[in-house]
2 protein chains.
Amino acid sequence: MDINFLLFEQFETLDLFGPVEICGRHPDFQLHYISQNGGLVTSTQGVRIDTEPQRNMNTSGVLVIPGGAGTRTLIKEEPFLKNLRRLSEDASFVLSVCTGSALLARCGILEEKRATSNKRAFDWVVSTSDKVHWIRKARWVHDGKFYTSSGISAGMDMTLGFIRDRFGAPAAERIACRMEYIWNKNPDIDFFGT
Amino acid sequence: MDINFLLFEQFETLDLFGPVEICGRHPDFQLHYISQNGGLVTSTQGVRIDTEPQRNMNTSGVLVIPGGAGTRTLIKEEPFLKNLRRLSEDASFVLSVCTGSALLARCGILEEKRATSNKRAFDWVVSTSDKVHWIRKARWVHDGKFYTSSGISAGMDMTLGFIRDRFGAPAAERIACRMEYIWNKNPDIDFFGT
């Protein structure tokens with residue numbers, strides 16, 4: 001199963017690398033770091049990571065979208081949103097972390113779906129679409145082929161939840177244990193939502 | 001304050017990027033991604049990140065060393081260990097995540113110090129030096145200018161602990177809250193040690 005991490009300038013570091021660490025521990029997953037044109041992409045924390053161009057991507061894989069400061073400009077960029085819509089339609093599953101769900105909402109793919117996002121940016125995220133059923137208090141939300149998580153660290157809990165749903169709880173527990181990660185496994189318990 | 005992340009081939013992704021996310025949120029920290037010769041360095045999960053060469057580094061800053069599969073060969077490489085010893089001597093603080101402490105132990109800088117490491121690799125880590133007071137059950141250990149953490153995810157808890165020690169608990173709590181991270185703030189509570 002191909003896991004395609006879609007990167008853009010000013011993505012949030014842990015939004016990406018939490019799920020990368022977890023997915024990298026599942027033997028059935030092949031990880032790909034993708035951007036529209038390939039090459040180095042810089043995170044908000046100044047990490048420069050090498051990416052493959054999107055044209056090489058198996059679009060039927062799992063699509064993972066981080067959030068971060070870069071989403072504030074991308075929600076105004078129609079070509080990016082149109083492309084994201086097409087990639088999200090093709091993907092077998094779509095996972096977003098933090099404000100990544102604002103991009104999904106804005107491209108229209110979350111209409112009539114339940115979703116969540118970063119709690120400190122929640123009002124802004126809600127303003128990107130009034131056709132999404134936004135859930136303010138949730139560690140993550142699963143609706144159909146879409147998984148959306150709360151801010152930053154919550155992406156790890158969601159990714160383990162995705163693995164539990166696909167491969168069973170022992171597979172997810174094993175990965176969490178090997179990472180010495182204390183998994184917050186109940187999506188409805190959210191200490192940061194109000 | 002310069003935070004120097006020392007990278008090598010086959011470092012563990014989250015060992016690095018958990019602390020990066022946290023340090024990147026402190027206004028007094030400048031983050032640097034360093035390797036001996038600079039250029040792209042690849043993690044165990046296939047992430048390729050761009051690094052500065054060590055010759056540009058302010059060696060009096062904070063040194064952070066991840067663990068990962070690459071440590072298994074590096075503990076046999078004398079030039080790497082000699083260099084690490086010198087960098088550790090110069091650094092104001094030295095933080096290691098996971099099996100990064102095996103490298104510190106092997107270069108001799110942890111002699112007579114208390115330290116911990118990844119719990120699944122613990123016996124191997126202990127075998128790298130019998131002059132270290134290895135603590136089997138701890139989320140992280142602080143001794144003098146050295147902070148060593150347990151496996152992978154524990155690096156985030158330790159980094160927040162380091163910030164608490166330097167800047168006070170509210171500074172660390174604020175960062176954890178903004179990351180929506182449930183901080184395991186007691187270094188002596190360790191669910192994975194036996």
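## Ground rules and the shared surface

Contact here means heavy atoms within 4.5 Å. With that in hand, 100% of the interface residues of chain B are also interface residues in chain A, so the copies meet through the same surface.

A bit of bookkeeping: this is a predicted model, in which local features need pLDDT of at least 70 and side-chain atom pairs count only at pLDDT 80 or more, while totals for chains, interfaces and linings use all residues. Residues are numbered from 1 along each chain as its sequence is written, chains are lettered from A and ligands numbered from 1 in the order in which they are written, and side-chain values use heavy atoms, with hydrogens and water left out.

## The axis

Two copies of a chain are related by a rotation about an axis and a shift along it.

## The core around Ile49

B:I49 turns up again in the core. The largest nonpolar core has 132 residues, and A:I49 and B:I49 have the most contacts inside it. Such a core is a set of buried Ala, Val, Leu, Ile, Met, Phe, Trp, Tyr and Cys residues joined through side-chain atoms within 4.5 Å. Buried means under 20% relative accessible area, with exposed over 50% and partly exposed in between (1.4 Å probe, protein chains only).

Not counting residues up to four places away in sequence, B:I49 touches A:V47, A:R48 and A:I49 in the other chain, and in its own chain B:L7, B:F11, B:L16, B:F17, B:Y33, B:G39, B:L40 and B:V41.

## Aromatic pairs

Rings of Phe, Tyr and Trp (its six-membered ring) pair if their centres lie within 6.5 Å; planes under 30 degrees apart count as stacked, over 60 as edge-to-face and the rest as tilted. Over all chains, the search of the whole structure finds 15 aromatic pairs. In one of them, A:Y147 and A:F162 have ring centres 5.3 Å apart and planes at 85 degrees, so the pair is edge-to-face. A:Y147 lies in strand 10 (residues 146-149) of chain A and A:F162 in helix 6 (residues 154-167) of chain A, so the pair ties together parts that are 15 residues apart in sequence. Helices (H or I, at least four residues) and strands (E, at least two) are DSSP runs, numbered from the N terminus. Both A:Y147 and A:F162 are buried.

B:F11 and B:F17 are edge-to-face as well, because their planes sit at 65 degrees, with the centres 6.4 Å apart. B:F11 is buried at 0% relative accessibility, and B:F17 is also buried at 0%. Ring pairs link A:F11, A:F17, B:F11 and B:F17 into a cluster.

B:E21, in helix 1 (residues 13-23) of chain B, counts as buried at 0% relative accessibility. What does its side chain reach in A:T13 and A:L14? The backbone nitrogen of A:T13 lies at 3.5 Å, and that of A:L14 at 2.9 Å. These are polar contacts: pairs of N or O atoms within 3.5 Å, where within protein one must be able to donate a hydrogen and the other to accept it, and residues adjacent in sequence count only if both atoms are side-chain atoms.

Over in strand 1 (residues 2-6) of chain A sits A:N4, buried with a relative accessible area of 1%. The A:N4 side chain reaches the backbone oxygen of A:N58 at 3.0 Å.

## Strand 10 of chain B

Strand 10 (residues 146-149) of chain B is covered on both faces: B:F146 and B:T148 on one side, B:Y147 and B:S149 on the other, are all buried. Two strands pair if DSSP finds at least two bridges between them. Strand 6 (residues 93-96) of chain B runs parallel to strand 10 of chain B, joined by 3 bridges, and B:V94 stands opposite B:F146.

Strand 9 (residues 140-143) of chain B pairs with strand 10 of chain B in the antiparallel sense over 4 bridges, with B:W140 as the bridge partner of B:S149. The two form a hairpin with 2 residues between them, and B:G144 in the turn has a positive phi of about 65 degrees.
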